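User: Hello! I am new to this structure and would like to learn how to read it, one feature after another. Could you guide me?

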Amino acid sequence: MPEGDTVWQAAARLHGALAGKVLTRSDLRVPKYATADLTGRSVLDVTPRGKHLLTRVEGGLTLHSHLRMDGSWKIYAHDQRWTGGPGHQIRAILGTHDRTAVGYRLPVLELLRTSEEQRVVGHLGPDLLGPGWDPDQALANLLADPARPLGEALLDQRNLAGIGNVYKSELCFLLGVTPWLPIGALPADRAAKLAPLAQRLLEANRDHPVRSTTGRRGQDLFVYGRARRPCLRCGTPVRVADQGDGSRERPTYWCPHCQQGPAPAPGSPQTRRVRRSPTD
């Protein structure tokens, strides 16, 4: 599931494969840009911004992509078979003399002037893995709506950029509160730890393919994906429910013993509409 750390890794792979090289192949498979041709232009850099990827090319152009739930960029050598999915799922191909980057299932793909990047990322809050990370501003953004549930506030990229369902659940566990607790009710000492803790978690995982918040091999996450399994701290079965307005799946995991605050009752509509993953 792409979150700030995995997007950072994707940007690093793309940058290593494409930056400083001339594009010999360009194929953007979305109707608006089907005739756009980037061949002959050098790739300048690939930069992550929260969950967004900005591929900047010579001539003042940026290819903006967002992975959301299922998107991915794969890098292949010229003699390597593409294995990221069927051909109809390919949305972008960027090739150089020795590498080809293939974008699969990209829900967002647009070509814009580099000078207009703020149009697509200017709404984001402080980037947890960016050079301008500002924990004080991130906390101020989160507390601006004190009645909002903590989990929903963490997912709002306008507050701070890079957190998804996994880190939302893990952060709430580490803070000892449920994701449904109004953020204004978060004790002051825990509120002060929130933004620095989030940044430390993502930074610790940005260079590792297997995400871990526990430091335990084979037990990488405290609650996410562990529905009905024993809590790693107290042994109580971990619970899962949906959070939000139901417009998209927001599976949320928590320990009813270790985390204090409101939560959906067993058998409620939120718990019934969550689809369990094979790892649950």
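**Reading the model step by step**

Analyst: Of the 280 residues of the protein chain, 51% count as buried, where buried means under 20% relative accessible area, exposed means over 50%, and partly exposed is in between (1.4 Å probe, protein chains only). This is a predicted model, in which local features need pLDDT of at least 70 and side-chain atom pairs count only at pLDDT 80 or more, while totals for chains, interfaces and linings use all residues. Residues are numbered from 1 along each chain as its sequence is written, and side-chain values use heavy atoms, with hydrogens and water left out.

User: How many helices and strands does the protein chain have?

Analyst: There are 7 helices and 10 strands in the protein chain. Helices (H or I, at least four residues) and strands (E, at least two) are DSSP runs, numbered from the N terminus.

User: What does the radius of gyration say about the protein chain?

Analyst: The radius of gyration is taken over C-alpha atoms, and the globule rule is 2.2 Å times the number of residues to the power 0.38. For 280 residues, a compact globule would have a value near 19 Å, and the protein chain, at 20 Å, agrees with that. Its C-alpha trace spans about 60 × 40 × 35 Å along the principal axes.

User: And what can contacts tell me about the protein chain?

Analyst: Contact means heavy atoms within 4.5 Å. Taking contacts between residues at least 6 apart in sequence, 61% join residues at least 24 apart.

User: How many positive and negative side chains does the protein chain have?

Analyst: Lys and Arg count as positive and Asp and Glu as negative, while His and the chain ends are not counted. The place of a charge is taken as NZ of Lys, CZ of Arg, CG of Asp or CD of Glu. The protein chain has 38 positive and 27 negative side chains, and the centres of the two sets lie 6 Å apart.

User: How many disulfides does the structure hold?

Analyst: A disulfide is a covalent bond between the sulfur atoms of two cysteines. Here the test is a pair of cysteine sulfur atoms within 2.5 Å, and the structure holds 0 disulfides. For Cys255, the nearest cysteine sulfur is that of Cys234, 3.6 Å away. Cys258 is in no disulfide either, and its nearest cysteine sulfur, again that of Cys234, is 3.7 Å away.

User: Now a helix. Why is helix H5 described as largely enclosed?

Analyst: Helix H5 (residues 165-175) is largely enclosed by the rest of the structure because 10 of its 11 residues are buried. Among the buried ones are Tyr167, Glu170 and Phe173. The cover over the buried residues of H5 includes helix H1 (4-18), helix H4 (150-155), helix H6 (188-205) and E10. Just after H5, Gly176 takes a positive phi of about 75 degrees.

User: Which residues other than glycine have a positive phi?

Analyst: Arg68 is one of them, with phi near 45 degrees. Arg68 sits in the loop between strand E4 (61-66) and strand E5 (72-77), and counts as partly exposed at 49% relative accessibility. Arg105 is another, at about 55 degrees. Its place is the loop between strand E7 (99-104) and strand E8 (108-113), and Arg105 is partly exposed at 27% relative accessibility.

User: Where does Arg250 lie, and what is it in contact with?

Analyst: Arg250 lies in the loop between strand E9 (239-242) and strand E10 (251-254). With 18% relative accessibility, Arg250 counts as buried. Leaving aside neighbours within four places in sequence, its contacts include Leu155, Asn165 and Lys168. The C-alpha atoms of Arg250 and Val166 are separated by 9.8 Å, although these residues are 84 apart along the chain.

User: Is Leu129 buried or exposed, and which residues is it in contact with?

Analyst: Leu129 is buried, with a relative accessible area of 14%, in the loop between helix H2 (118-121) and helix H3 (135-143). Beyond its neighbours within four places in sequence, Leu129 is in contact with Gly4, Asp5, Trp8, Leu202, Glu203 and Arg206.
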